[in-house]
Amino acid sequence: MAATTEARSVREELIFNQDFKDKLLFKLHELRKDNVLCDVTLRIEGQDFAAHRCVLSAASPYFRSLFTSGFKENQDNVVELQEIKTTTVDQALRFIYTGEALVNASNAQDLLRTADYLIIPSLKAKVAGYLKDTIHASNCLELESLAIHYGCKSLKEAAAAYKLQNFVSMVEADDFKALDFERIKELVFHDDIIVSKEEEVYEAVVTWVKHNVPSREKLFPELLKCLRFFSMSKSGIAEIAKEELVIKSRTCASIIFEAINFFFFPDSFLSTRLQPRTCLRMNELAVIITGGHDADVSNNAYCFLLSKNQWASLPSMPFSRTRHGTAVCCGQLYVVGGQASHPMCIYNPNQNKWFPTETTAPIRQHCSVTSLHGNLYVIGGDRHLNRVDKYDPGLDEWKEVASMKTSRASHCAVVVENLIYVLGGCDNNVCHKSIECFNASTNHWTDRPSMNVARQFAGAAVSCGKIFIAGGYSDTQFISVEGSCEMFDPVQDQWSLVSSPVVPRAACAMVSFDNHLYLFGGEDRTYCKYDSVECYDVQNDKWKLCGTMPRKLACVQASLLLLSKKFLDTFVK
């Protein structure tokens, strides 16, 4: 019996009555409204609101600090609040006492400010949720600013997303025209704006500038730099060129001239990160690897997707190729020359097909091929050691231009600032370290400072306005593989050594993209072929291995080309 009594004495049970709790809150609210047992008065804009210190302190850290400190307000029965309005304090007090508040379009923003000022997080969250449901084109910018100022993360994210998704509609709002420069710049630069064409972003910029031309006209060039002109149509660019704001500014005219150059000479921009808005991306930049040899000569064409670091196979070339040359011209890949006397062939990325040509292209191997101003240049090579031929794709016409000063085969050719630079190579007796450059407008070759070492079968590319060349054989007998990499600065007119690739190699290929160099394949002094890929960080002067090709190959060629996404899924991974 004693044990049973002891067990009963330790038993506990929580009794909960929600109805009693609710009634108690509303009774407190009634006491406040009737000014019963109230011990403090809140004075806002000359109007008094009676309340209870204990209730306010329990609901708000602001009031708790006020009433438990040595502040003057703790000694007085009247507290004046300067930062809030009478239109919202009544609803704030109602929420404190009952957990309810009436929120509408006319008081929501002020009520948010009041909740933030009085440190009532639950009220602040509820009002932010209400505002989140009221976002539209005419208020999204205002609500985003409000959310940023008062630290409402979910409201900020919702307003920012709406702003991007409804960009065109939002541009018509007064808030858009009132944006400060930094916010308009950030907005038009944003990758995730939803537009049907890039021209709509330009129109938004013009709308903003013309809202206050005297003070904003000088900011126009900086905003133009944020636009993706390469995503626009030719007719769109032509219309922009007629805009008075553009015509009046030499800087703006220069920007538009550069945009026009993209349409005439798109291949010159492949090594630059040209990323359309997310909503407009139809193409993907890839490195195209063609031909080469190991035990046999390859007719394979592979693409290396830079954004995914993945390999895929393209349709095979019509003919096997090695010791050939390639270049991208007018958006298509041209393959010229090689060990066998095959005609030139062209890969059209929009059709995902190769097309052999009947044009009488120069038949040679160990030549270099490059593109400048919409023309193809085939330079040097066996049996034509100093000859240079220009091909005009529009006219399907070949023309011999000024010959190089030095006979060269197995050399490299790159384009910098509208000049073609030819580097190294060999003739029948000498492996060269000399370079020369060709000015197409004057049809003239000029000697430039020589490299530090002689090279043939090297890889070369241009990044950050400088020429980089790596690897290659340093003799005519293919005995010594040069492991170094060096850089030529055309402005300083001098060479300097930089970090060496991880693997010394010759008969390799190199491309440049986004301040990085990519080195593909090649062979060692015993002719053992490589499938490794290396990446060089130009800014940090550091090489690293970054993958392998689908096959071990030497004498491959690498070119940057935009591929149509509609065909990417059909490529064999």
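Which side chains are joined by a polar contact of 2.8 Å? The side chains of H52 and Y97 form this pair, a polar contact being two N or O atoms within 3.5 Å, where within protein one must be able to donate a hydrogen and the other to accept it, and residues adjacent in sequence count only if both atoms are side-chain atoms.

The model is predicted, with local features requiring pLDDT of at least 70, side-chain atom pairs counting only at pLDDT 80 or more, and totals for chains, interfaces and linings using all residues. Residues are numbered from 1 along each chain as its sequence is written, and side-chain values use heavy atoms, with hydrogens and water left out.

H52 lies in the loop between β2 (47-51) and α3 (53-59); helices (H or I, at least four residues) and strands (E, at least two) are DSSP runs numbered from the N terminus. H52 counts as buried because its relative accessibility is 6%, the limit being under 20% with a 1.4 Å probe and protein chains only.

| Residue | Residues in contact |
|---|---|
| H52 | L28, L31, R32, V36, L37, C38, D39, V40, Y97 |
| F229 | L224, I237, I240, I255, I256, A259, F263 |

F229 is also among the residues that touch the most other members of the largest nonpolar core, which has 75 residues; such a core joins buried Ala, Val, Leu, Ile, Met, Phe, Trp, Tyr and Cys residues through side-chain atoms within 4.5 Å. Helix α14 (residues 199-210) supplies the largest share of this core, seven residues. A second, separate core of 37 residues includes A301, M317, C345 and L560.

Methods: Buried means under 20% relative accessible area, exposed over 50%, partly exposed in between (1.4 Å probe, protein chains only). Contact means heavy atoms within 4.5 Å. Lists of a residue's contacts leave out its neighbours within four places in sequence.
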